[in-house]
Amino acid sequence: MHSTAIQKEKTAAPIACAALAPEQLEFRNAMAHLPAAVSIITTDGQGGRCGITASAVCSVTDTPPTILVCINRGSAMHDVFKKNGRLCVNVLSDELEQLAMHFSGATKVPMEERFGWDIWEEPGELGQPVLADALVKLQGRIREFKEVGTHSVMFVELAEVKVNEKKDSLIYFNRLFHKVKRTAL
């Protein structure tokens, strides 16, 4: 699943779409079988404030700490991220599945209402919206936008990294959310 809205499917069967070529369907099905952390990517600044549910987040390097985040260029939020130049990746803990649905757009709750809920902590160093109960909180500056097909890849240099060592994780696999428990070593 890519960084466009993640929607919870009723079944784990591959999604059929007449407009897609067989290779595209095969690729999408393969990517649905690649387990990924679920994040709400937020931004606030001159371009406005918004957030999206995404699973297309990946580490790049630790020197300097850099991640990549993919966003569909057709998304209404694409240009907001580009104009703001900053974001926060809020990796979701296992108890935030419903929040993932809200930020995917599946529940139709207006964006401003989502940011009015009492779930946010004080903005960090870069002033981005940070979820209080997130498993991981990564604030950074977008250093580069690279267009690849239908998406933009944002390379984000991190300025602030926080981890909650007590929470469990929410992942997306086979078009469904799953909870992954922390195990003791």
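These are my notebook entries on a predicted model.

**Entry 1: overall make-up**

I started with the secondary structure and found four helices and twelve strands in the protein. I then looked up burial: 43% of the 185 residues are buried. For the accessible surface I noted a total of about 9900 Å². Carbon and sulfur atoms account for 54% of that surface. I also checked how far apart in sequence the contacting residues lie. Counting contacts between residues at least 6 apart in sequence, 66% join residues at least 24 apart.

**Entry 2**

Next I followed strand 9, residues 136-148. Strand 9 pairs with strand 6, residues 86-91, in the antiparallel sense, and I noted six bridges for this pair. Within it, Arg 86 has Arg 141 of strand 9 as its bridge partner. Strand 9 also pairs with strand 10, residues 151-163, again in the antiparallel sense, over twelve bridges. Here I picked out Lys 146, whose bridge partner in strand 10 is Val 153. Strands 9 and 10 form a hairpin with two residues between the strands. In that hairpin I found Gly 149 with a positive phi near 60 degrees.

**Entry 3: the nonpolar core**

Which residues touch the most other members of the largest nonpolar core? I listed Ile 41, Phe 81, Leu 87, Val 89, Leu 92, Met 154 and Val 156, out of 35 residues in this core. Helix 3, residues 97-104, supplies the largest share of the core, with four residues. As a general point, nonpolar side chains tend to be buried together in soluble globular proteins.

I took Phe 81 for a closer look, leaving out residues up to four places away in sequence. Its contacts include Ile 41, Leu 87 and Met 154, which are also on my list of core residues above. Phe 81 also touches Ile 52, Ile 71, Ile 142 and Phe 145, among others.

**Entry 4: Glu 160**

Is Glu 160 buried or exposed? Glu 160 sits in strand 10. I noted it as buried because its relative accessible area is 16%, and the cut-off for buried is under 20%.

Leaving aside neighbours within four places in sequence, I found Glu 160 in contact with Gly 124, Glu 125, Lys 137, Leu 138 and Gln 139. The side chain of Glu 160 makes a polar contact of 3.2 Å with the side chain of Lys 162. Last, I checked Cys 88, which is 72 residues from Glu 160 in sequence. Their C-alpha atoms are 9.1 Å apart in space.

Note on methods:
Residues are numbered from 1 along each chain as its sequence is written. This is a predicted model: local features need pLDDT of at least 70, side-chain atom pairs count only at pLDDT 80 or more; totals for chains, interfaces and linings use all residues. Side-chain values use heavy atoms; hydrogens and water are left out. Two strands pair if DSSP finds at least two bridges between them. Buried means under 20% relative accessible area, exposed over 50%, partly exposed in between (1.4 Å probe, protein chains only). Contact means heavy atoms within 4.5 Å. Accessible areas come from the Shrake-Rupley method with a 1.4 Å probe; for residues, only the protein chains shown count as cover. A nonpolar core is a set of buried Ala, Val, Leu, Ile, Met, Phe, Trp, Tyr and Cys residues joined through side-chain atoms within 4.5 Å. A polar contact is a pair of N or O atoms within 3.5 Å; within protein, one must be able to donate a hydrogen and the other to accept it, and residues adjacent in sequence count only if both atoms are side-chain atoms.
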